[in-house]
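Welcome to this short tour. Please open the model in your viewer, and we will go from one selection to the next.

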Amino acid sequence: MRRLAVAATSAAFALSLAASPAEAHTGTGLAGGFVSGFLHPLSGLDHLLAMVSVGLWGAILGRPLLVALPVIFPAMMAAGAALGMLNTPMPPVELGIAVSVLVLGAVIAFGARAPVWLACILVGGFALFHGYAHGRELPSAADPVGYSTGFVLCTGLLHVAGIGLGALNDRRDGAIMVRGLGGGIALAGMVFLYRVLA
């Protein structure tokens, strides 16, 4: 099982090296509606890792955060998207996204037991950045409603995937793998952060 943890960490790190920061946020020429929106979160490693991490951390923390975090994230992401469509000034968005991957990976790797209020604020704040980046893209979509629906549905399924991985945390060997996965996600976040700041 330790070999699996090392493999997961190595894979996440290797993927982060191959990917550019915030790949999902190209900002130009979005096509169509629901299917395009559903596939979009899968096109950027930063968004994918953050979404899985939210579900994974919620599973580690248990109720009520098991349910609350995967609900808060899409809700705050929608608020962030609205801010993006309105072109509201925000701190550097790509920096916020990179930090979200780093921090979420780190709290999983270290098994951080945050109070309910702090976990909700962290996840909600990170969701604003992810939503803002995608909200800036929505006006160019042919069907913003269908696109948004697909995007939110895929995000929810990525949360569910994270919750599924979190079930491994209840086993001793599984907990090692989960910590290793968190470490790999944190390393990916460090790569994203370096590329944003470089």
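Angles between axes under 35 degrees count as roughly parallel, over 145 as roughly antiparallel, 65 to 115 as roughly perpendicular, and the rest as oblique. Axes are lines fitted to C-alpha atoms, for helices over the stretch in contact, and angles run from 0 to 180 degrees between N-to-C directions. Helices (H or I, at least four residues) are DSSP runs, numbered from the N terminus.

This is a predicted model, where local features need pLDDT of at least 70, side-chain atom pairs count only at pLDDT 80 or more, and totals for chains, interfaces and linings use all residues. Residues are numbered from 1 along each chain as its sequence is written, and side-chain values use heavy atoms, leaving out hydrogens and water.

**First stop: α5 and α8.** Select residues 93-109 for helix α5 and residues 172-197 for helix α8. Their axes cross at roughly 160 degrees and come within 7 Å, so α5 and α8 are roughly antiparallel to each other.

**Next: α4 and α6.** Now select helix α4 (residues 65-85) and helix α6 (residues 116-135). These two pack with their axes 6 Å apart, at an angle of about 35 degrees. Zoom in on the contact (heavy atoms within 4.5 Å): among the residues meeting there are Leu65, Phe73 and Met76 in α4, and Val116, Phe126 and Tyr132 in α6.

**Last stop: α3.** Which residues form helix α3? Select 45-61, a run of 17 residues that reaches 24 Å from its first C-alpha to its last. Of these 17 residues, 16 are buried (under 20% relative accessible area, with a 1.4 Å probe and protein chains only).

Key
Expected span 1.5 Å × (residues − 1). Buried < 20%, exposed > 50% of the residue type's maximum accessible area, 1.4 Å probe, protein only.
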